[in-house]
Amino acid sequence: MRDYDEVTAFLGKWGPFQRLIFFLLSASIIPNGFNGMSVVFLAGTPEHRCRVPDTANLSSAWRNHSVPVRLQDGREVLQSCRRYRLEKIVNFSALGLEPGRDVDLEQLEQEGCLDGWEFSQDIYLSTIVTEWSLVCEEDWKTPLTTSLFFVGVLLGSFVSGQLSDRFGRKTILFATMAVQTGFSFLQIFSINWEMFTVLFVIVGMGQISNYVVAFILVGYMLLPLFAYFIRDWRMLLLALTVPGVLCVPLWWFIPESPRWLISQRRFEEAEDIIQKAAKINNITAPVVVFDPMEQQEQLPLKQQKVFILDLFRTWNIATITIMSLLLWMLTSVGYFALSLNTPNLHGDPYLNCFFSALIEVPAYIAAWLLLRTLPRRYVIAGVLFFGGSVLLLIQLVPADYNFLSIGLAMLGKFGVTSAFAMLYVFTAELYPTLVRNMAVGVTSMASRVGSIIAPYFVYLGAYNRVLPYILMGSLTVLIGIITLFFPESFGRTLPETLEQMQKVKGFRYGKKTKGSIEKEENPKVIITSF
């Protein structure tokens with residue numbers, strides 16, 4: 001009795017058909033790079049100050065001094081959320097008194113921005129922040145908008161897997177693309193922040209999780225280019241929906257998964273797809289590829305049922321699982337916080353966003369090279385130590401050395417991204433076959449929780465420029481230390497049962513049996529792909 005891989009082996013591993021489908025699927029993923037990080041520009045917060053009505057009878061001197069100043073990075077800047085009490089300065093202006101000379105400004109009574117705000121248009125023409133005044137007492141809504149998008153991603157990841165098992169991989173792939181594109185388009189017509197945010201949650205639910213990193217990066221690097229030339233948030237959102245519409249014709253070129261069709265006993269449809277694939281690959285296919293009787297015999301074969309509590313069955317397994325959850329969550333916090341924080345870096349926010357995407361290219365290459373040659377826990381801990389350390393150094397950089405702060409932030413992003421890329425391989429190697437998919441699924445859920453928390457790290461930057469970096473750097477170094485306590489999986493046989501899982505480092509256990517010693521001396525090594 002042959003399995004699916006044996007039956008379809010005649011097609012070859014990387015023929016024209018496989019390459020075609022790979023690149024078509026990858027192209028459909030590019031919009032994910034837009035949707036995931038578009039909030040960086042859609043919710044950008046420009047410099048702002050309290051508006052003083054044009055009807056206010058003020059001299060030019062008092063109008064120029066109507067807003068108090070504060071110290072920021074060693075220089076004086078205008079307050080964003082306070083102004084001098086308008087009634088008072090109008091009276092002073094009428095009496096001919098001069099600010100600073102006749103009136104001590106430090107003793108003047110202040111008030112909130114009762115007449116709204118004036119927003120700088122040097123960088124953005126409009127954002128949802130300027131549209132609905134999401135500043136000062138309302139500034140908590142900006143990080144909440146981003147967090148709720150990632151809540152949508154978390155909810156979508158729960159639902160999409162179940163639906164794809166029932167309705168098919170192709171159907172759900174294009175359904176999620178339609179949700180992303182359709183509801184992104186509807187966001188353009190939002191009349192208030194609440195409507196925009198609810199639609200953004202639904203857009204997040206359409207975020208496809210089984211993406212190809214290289215093509216996500218294409219979308220991520222194109223995002224600042226779109227945003228640079230389109231500085232109105234509604235028009236930018238419209239432009240970002242276009243690639244999703246262009247993916248519609250792919251429906252007629254991307255086939256359903258033959259594996260899924262077989263699981264649904266739709267053998268003729270699976271047969272047609274494989275026959276077409278053989279024709280494209282210029283290979284003569286057997287007259288009958290899938291023997292219904294042979295496949296029917298395989299369908300009833302089911303694995304032993306496993307439950308999430310199996311990941312906590314023993315003290316050792318529970319310790320590995322808890323450390324894995326922390327590793328995924330805190331690495332995700334660092335990755336997304338650094339990505340979302342690019343507008344708050346000094347310099348051009350469009351260039352900063354592009355560099356933030358660009359630095360991921362060498363990060364993924366470095367991760368691939370390190371995984372091929374070095375022990376997992378040491379390389380992951382090493383890049384986390386590196387990333388966290390350079391983030392902690394940012395607090396020591398003088399405010400005038402902006403280029404150095406940006407460089408250190410990018411190096412921190414390099415380290416965190418490299419670690420993030422290696423977690424999938426490392427986690428899959430730690431757990432046995434029976435619970436491997438569940439372990440990767442649960443830990444990746446922890447990374448979604450990290451992405452939900454990350455916007456609030458960025459939010460802290462409004463109160464102290466270096467506070468987000470101190471927190472991110474400290475947590476990244478901490479999780480790097482915890483990583484050293486994981487068992488090593490490099491060059492070891494993959495465990496088949498929970499009992500075969502290796503022990504957490506730094507703790508003593510009972511003596512090893514003769515059988516376990518022989519297994520370690522003669523391991524069956526399985527090379528995992530990255």
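Modeller: Start with T142, which is in contact (heavy atoms within 4.5 Å) with A43, V129 and L134, leaving aside its neighbours within four places in sequence. T142 lies in helix α7. Helices are DSSP runs of H or I with at least four residues, strands are runs of E with at least two, and both are numbered from the N terminus. T142 is buried, at a relative accessible area of 15%. Buried means under 20%, exposed over 50%, and partly exposed in between, with a 1.4 Å probe and protein chains only.

A word on the source: this is a predicted model, in which local features need pLDDT of at least 70 and side-chain atom pairs count only at pLDDT 80 or more, while totals for chains, interfaces and linings use all residues. Residues are numbered from 1 along each chain as its sequence is written, and side-chain values use heavy atoms, leaving out hydrogens and water.

Now step back to the loop between α6 (128-132) and α7 (141-167), where S133 lies. S133 is not a glycine, yet its phi is positive, near 50°. Most residues other than glycine have a negative phi. S133 is partly exposed, with a relative accessible area of 24%. C136 sits in the loop between α6 and α7 as well. Its phi is also positive, at about 55°, and C136 is not a glycine either. C136 counts as buried, at 12% relative accessibility.

Y456 touches P143, L144 and S147, not counting residues up to four places away in sequence. Y456 and S147 are 309 residues apart in sequence, yet 8.3 Å apart in space, C-alpha to C-alpha. Y456 lies in helix α20 (residues 433-459). At 35% relative accessibility, Y456 counts as partly exposed.

α20 leads on to α21. Among the elements that cover the buried residues of α21 are α15 (315-340), α18 (376-393), α19 and α20. Those buried residues are P468, Y469, M472, G473, T476, V477, I479, G480 and T483. They cover an arc of only 165° around the axis, which puts them on the same side of α21. The arc is that of the directions from the helix axis to the C-beta atoms. Helix α21 runs over residues 467-483, and its 17 residues should span 24 Å at 1.5 Å a residue; the end C-alpha atoms are 24 Å apart, which agrees. The expected span is 1.5 Å times one less than the number of residues.

Y469 also takes part in a cavity lining. The largest cavity is lined by L338, N341, T342, L345, S356, A409, M410, K413 and Y469. Its volume is about 60 Å³. A cavity is a set of points, on a 1 Å grid over the protein atoms alone, where a 1.4 Å probe fits but cannot get out, and lining residues have an atom within 4 Å of a point. Points are joined across faces, edges and corners, and the volume is the space filled by probe spheres set on them. Helix α19 (residues 402-430) gives the most to this lining, with three residues. By class, the lining of the largest cavity has five nonpolar, three polar and one charged residues. Ala, Val, Leu, Ile, Met, Phe, Trp, Tyr, Cys and Pro count as nonpolar, Asp, Glu, Lys and Arg as charged, and the others, Gly among them, as polar.

The second largest cavity has a volume of about 50 Å³. Two or more residues of its lining come from each of α2 (16-37), α8 (169-187) and α11 (233-246). The lining consists of P31, N35, Q180, T181, S184, L240, T241 and G244. Six of these are polar and two nonpolar, with no charged residues. The structure holds four cavities of 30 Å³ or more.

After α13 comes N282, with a positive phi near 60°.

Last, the whole chain. The protein chain has 22 helices and six strands. Buried residues make up 48% of its 530 residues. Of the contacts with a separation of 6 or more, 79% come from residues 24 or more positions apart.

Terms used
1 Å grid on protein atoms, 1.4 Å probe; cavity = no way out; pocket = protein on both sides within 12 Å on 5 of 7 lines; lining within 4 Å.
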